[in-house]
Amino acid sequence: MIDSGHLDRSGRRVTLRPVDDDNWRAVADVAPRDDQRRFVAALGARYLLLSTRSEVWNSLAVYADETVVGHVMWGVDDDGSHWIGGMLIDAAEQGQGVGRATVQTLAPWLATREGNPPVRLSYHPDNTPAAALYESLGFHPTGAVDDEELITELRP
């Protein structure tokens, strides 16, 4: 479990836990709001499948207290940078600060691994809420684009 002590706006503790036999169905059922489906997968199941079929990505369940409320992945690129991807917070849980707490929990954990690598993530340029969130957390554009998404970076 990754626990940095961050709380959502309701006072629930946000933790990141391995996807296992007890929680994978709840993670697979996580779904964004309809207006977000052009930016993220329609269900957490897609990200779970990607992480099981990829040597790069590792899935984590996002919990608020003892309830699965989302999914996030992390991975290591060939250049040693560490990535956050596949963050999906269930529509019913959005607006509570869960996404913010998820990034605030995962980014420092990634940054302390294997020589303090940069932590990167990407988002579609039309996803202005994501841009505002990541900028407020200290991520800066690298100027690079991958698959029409802007790449941002947090340096330790």
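Modeller: Happy to; we'll take a strand and its partners, then a helix.

Modeller: This is a predicted model, where local features need pLDDT of at least 70, side-chain atom pairs count only at pLDDT 80 or more, and totals for chains, interfaces and linings use all residues. Residues are numbered from 1 along each chain as its sequence is written, and side-chain values use heavy atoms, with hydrogens and water left out.

Biologist: Is strand β4 mostly covered or uncovered?

Modeller: Mostly covered: eight of the eight residues in β4 (residues 82-89) are buried. Buried means under 20% relative accessible area, exposed over 50%, and partly exposed in between (1.4 Å probe, protein chains only). Strands (E, at least two residues) and helices (H or I, at least four) are DSSP runs, numbered from the N terminus.

Biologist: And in which sense do β3 and β4 pair?

Modeller: Antiparallel, over six bridges, with β3 spanning residues 67-76. Strands count as paired if DSSP finds at least two bridges between them. Methionine 73 has glycine 85 in β4 as its bridge partner.

Biologist: What about β4 and β5?

Modeller: Those two pair in the parallel sense over two bridges, β5 being residues 119-123. Histidine 82 stands opposite valine 119 in β5.

Biologist: Switching to α4, which residues are buried there?

Modeller: In α4 (residues 128-136), they are Ala130, Leu133 and Tyr134. Seen down the helix axis, they fall within an arc of 90° and so line one face of α4; the arc uses directions from the helix axis to the C-beta atoms.

Biologist: Which residues are exposed on the other side of α4?

Modeller: Thr128 and Glu135.
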